[in-house]
Amino acid sequence: MTADDASPRGRQSRSVRRRSLLLWLFGLAVLAGFVLLGSSGVLPIQRLTPLVFDAYQRLHPRVEAGAPVTVVDIDEASIAELGQWPWSRSTIATMTDRLGELGAAAIAFDVVFPEPDRTSLAQVARELERAGASVSFPGSAPPENDQLLADTFARNPVIAGIVISSETATTLPEPKGGFAFGGTDPRRYLPAFTGGVSNLPPLTAAATGMGFFSFPPSADGVVRVIPLVSSAQGNLYPSLGVEALRIAQGARSITIRSTDASGEISGGSLGMTALRVGDFEVPTGADGEFWVYFSGLPSMATLPAAMLLDPERSAAMAERIAGHIVLIGTSAVGLRDLVPTPLDASLPGVRVHAEIIDQIFGGALLTRPDWANGAEIAAAVLLGLLLLVAAQRGGAVVTAASTLLLVVAAVALSWTAFKEAGLLIDPILPAGTVLAVFAAVIPLLLLLTDREKQFVRGAFGRYLSPTLVERLADNPEALKLGGEIRELSVMFTDIRGFTSLSEKLAPDELTALLNGFLTPMTDVLLRQEATIDKYMGDAIMAFWNAPLDSADHRRRACLAALDMLAVLNRLNADRTVKLKMGIGLNAGPALVGNLGSDQRFSYSAIGDTVNLASRVEGLTKGYGLAVLVTEAMRAGAPDLAFLEVDLVRVVGRTEPVPIFTLLGDASVARSEAFRALGEAHARLIAAYRSADLAAAEGHLVSLRAIAPQELAALYDIYSARLADLRQSPPPVGWDGVYTAKEK
């Protein structure tokens with residue numbers, strides 16, 4: 001590795017930082033662009049907003065409030081009974097009077113009468129006379145039907161319906177009720193219409209109230225939002241439902257509150273915030289819009305219009321008329337007053353006005369607060385940043401799962417606001433931002449992640465097992481580069497007498513011998529998930545529990561030592577040159593990471609734990625044992641077959657270190673032979689450290705009869721020590737610690 005692709009923290013560290021920087025820069029650019037375009041209306045995502053709120057209404061429709069509202073329906077059956085529409089104004093007058101007699105609090109027409117009644121007898125007579133006929137009536141001439149209806153309007157609480165539109169400039173009559181303003185006159189900021197369609201002047205003059213029943217157009221034709229007040233030709237007009245509520249309560253005026261009213265907080269531009277009619281206050285949007293929250297009105301009374309012409313039939317419904325707001329409209333298909341709503345693909349327009357009155361009466365209102373846009377933008381930015389954090393810290397799967405979670409969170413928060421508080425908070429911009437960021441960064445993330453995996457495989461494949469390499473490639477962040485303190489199990493191995501052996505062999509023979517030894521030993525280490533630190537001629541340094549965690553790393557290291565000895569025995573069976581090896585094991589904290597210089601570094605471990613492992617391996621020569629381990633190693637694999645060897649003060653340490661030899665795996669440790677050996681060996685060690693020389697010598701004799709050949713050199717050492725102690729008895733306070741003279 002050269003200075004161009006290495007550093008003290010390593011190429012992997014720079015790769016991770018580069019990936020993080022690229023993801024952040026690219027992700028932030030996409031996030032900012034989508035939020036900017038989405039909130040400004042350039043992107044067509046706003047078309048989805050009404051569909052989301054429609055779905056909310058279908059999932060959680062409004063509970064009917066039971067407002068005193070009744071619909072008189074000019075339905076197909078009534079048309080079949082009374083004849084085609086339009087009916088004569090005298091018929092309408094009879095219906096109106098009947099409603100007044102039954103005690104209707106307000107009678108609102110969802111129809112308009114802009115032209116004279118052609119069925120009026122006086123009108124027909126004039127037409128005949130213009131054609132040259134002579135027409136006479138017995139007695140006085142019959143009254144005009146339009147005047148008859150006007151007289152009926154005058155004696156009943158009638159609200160005349162009008163249409164407000166910008167498709168005409170026809171002059172509209174003056175409104176009936178007054179308006180009071182809290183703040184700026186709303187005619188300064190409400191959208192202004194140029195005209196509309198109204199009733200004949202006598203009808204308008206006779207009516208108690210007047211309200212518009214027309215619905216503003218929407219992109220898909222669905223009726224969701226209607227203004228409660230509209231501005232046209234310099235006047236303010238209430239909607240049909242609002243005017244019906246005013247007349248029913250006997251209120252003289254309607255109060256409109258604007259954003260600059262006392263107690264209101266202006267959002268920087270004028271707009272309407274609420275409307276008050278009698279006892280009811282209704283929050284609105286800036287343009288006076290009102291979100292209709294549909295219930296379906298399952299229990300609202302609906303009377304066929306023809307029923308009102310039969311006193312006996314209409315009397316049966318008197319209790320549903322007295323004190324009620326009566327809306328007169330049509331459900332007949334041919335009259336084309338059917339509109340789509342979030343709950344119904346074809347609902348009579350008159351029932352929409354009934355829904356509005358019932359909604360206001362019950363107080364279950366939907367509001368789009370003035371802070372909603374800001375909240376949606378803030379949510380989009382926050383969720384987008386959270387996704388970038390997930391993408392930076394996790395892989396593609398984590399990013400995909402985070403995307404799903406964040407989209408669900410955006411919709412869930414929007415749904416909760418709708419269901420619990422009647423707030424219309426749009427989830428489309430936040431959810432769309434998350435999806436846009438995901439769609440933008442996931443290809444980059446996959447590309448960079450693949451490059452990281454390739455680097456990890458190349459960099460660590462030389463000294464990690466394939467299993468560990470793949471785990472590390474799947475989670476490069478598990479490798480803390482630049483150095484960290486970890487609990488390690490450290491192994492040092494060495495071929496005994498390798499220096500003298502190398503002097504006797506030709507270079508090619510020595511190379512073949514060394515490779516033939518190191519290759520199978522490496523295979524054993526990798527199978528036990530070791531990290532191979534380095535090869536030092538005939539020696540190997542390896543460790544466990546880095547760069548990835550291994551809960552049983554001390555036991556794995558011990559089993560690796562046993563496997564290496566078994567492999568060596570098989571190798572020696574086929575060789576004329578027999579090899580012996582020593583293995584030293586220690587466990588404890590060590591600094592591990594990419595260590596070295598700008599020009600060259602390696603993944604390695606350093607520290608006192610590593611040094612002691614090396615010292616312990618060096619002791620194997622003096623004790624004639626293949627494996628020596630420290631107490632820390634033995635404690636991590638208590639089920640294996642260990643025997644205590646000695647207390648040794650190694651070079652460079654003042655405190656003595658207990659060392660043990662490893663004779664076998666768990667099956668050996670459970671055997672009766674090892675149990676007997678262990679008990680006898682423990683008696684020898686105890687007698688030796690207590691300076692009971694006679695007892696120690698006796699135990700030695702017993703041990704030599706049952707001990708395996710591999711312990712013979714150890715017992716020779718103790719025999720020599722006991723002989724020396726016979727010659728030079730130990731001083732008072734002797735602790736039995738052996739001080740090593742060399743590393």
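How many nonpolar, polar and charged residues does the lining of the second largest pocket have, by class? I started my notebook with that one.

**Ground rules.** I am working with a predicted model, where local features need pLDDT of at least 70, side-chain atom pairs count only at pLDDT 80 or more, and totals for chains, interfaces and linings use all residues. Residues are numbered from 1 along each chain as its sequence is written, and side-chain values use heavy atoms, with hydrogens and water left out.

**Pocket.** I counted 11 nonpolar, four polar and three charged residues in the lining of the second largest pocket. Here Ala, Val, Leu, Ile, Met, Phe, Trp, Tyr, Cys and Pro count as nonpolar, Asp, Glu, Lys and Arg as charged, and the others, Gly among them, as polar. A pocket is an open set of points on a 1 Å grid over the protein atoms alone, where a 1.4 Å probe fits, with protein on both sides within 12 Å along at least five of seven lines; lining residues have an atom within 4 Å of a point. I noted about 490 Å³ of space in this second largest pocket, the volume being the space filled by probe spheres set on points joined across faces, edges and corners. Of its 18 lining residues, Leu565, Asn569, Met581, Ala626 and Glu710 lie nearest the centre. Helix α17 gives the largest share of the lining, six residues. (Helices are DSSP runs of H or I, at least four residues, and strands of E, at least two, numbered from the N terminus.)

**Ser550.** I found Ser550 in the loop between β21 (539–544) and α17 (553–573). Ser550 counts as buried because its relative accessibility is 12%, under the 20% limit (1.4 Å probe, protein chains only; exposed is over 50%, partly exposed in between). Leaving out residues up to four places away in sequence, I saw Ser550 touch Asn545 and Arg556, with contact meaning heavy atoms within 4.5 Å.
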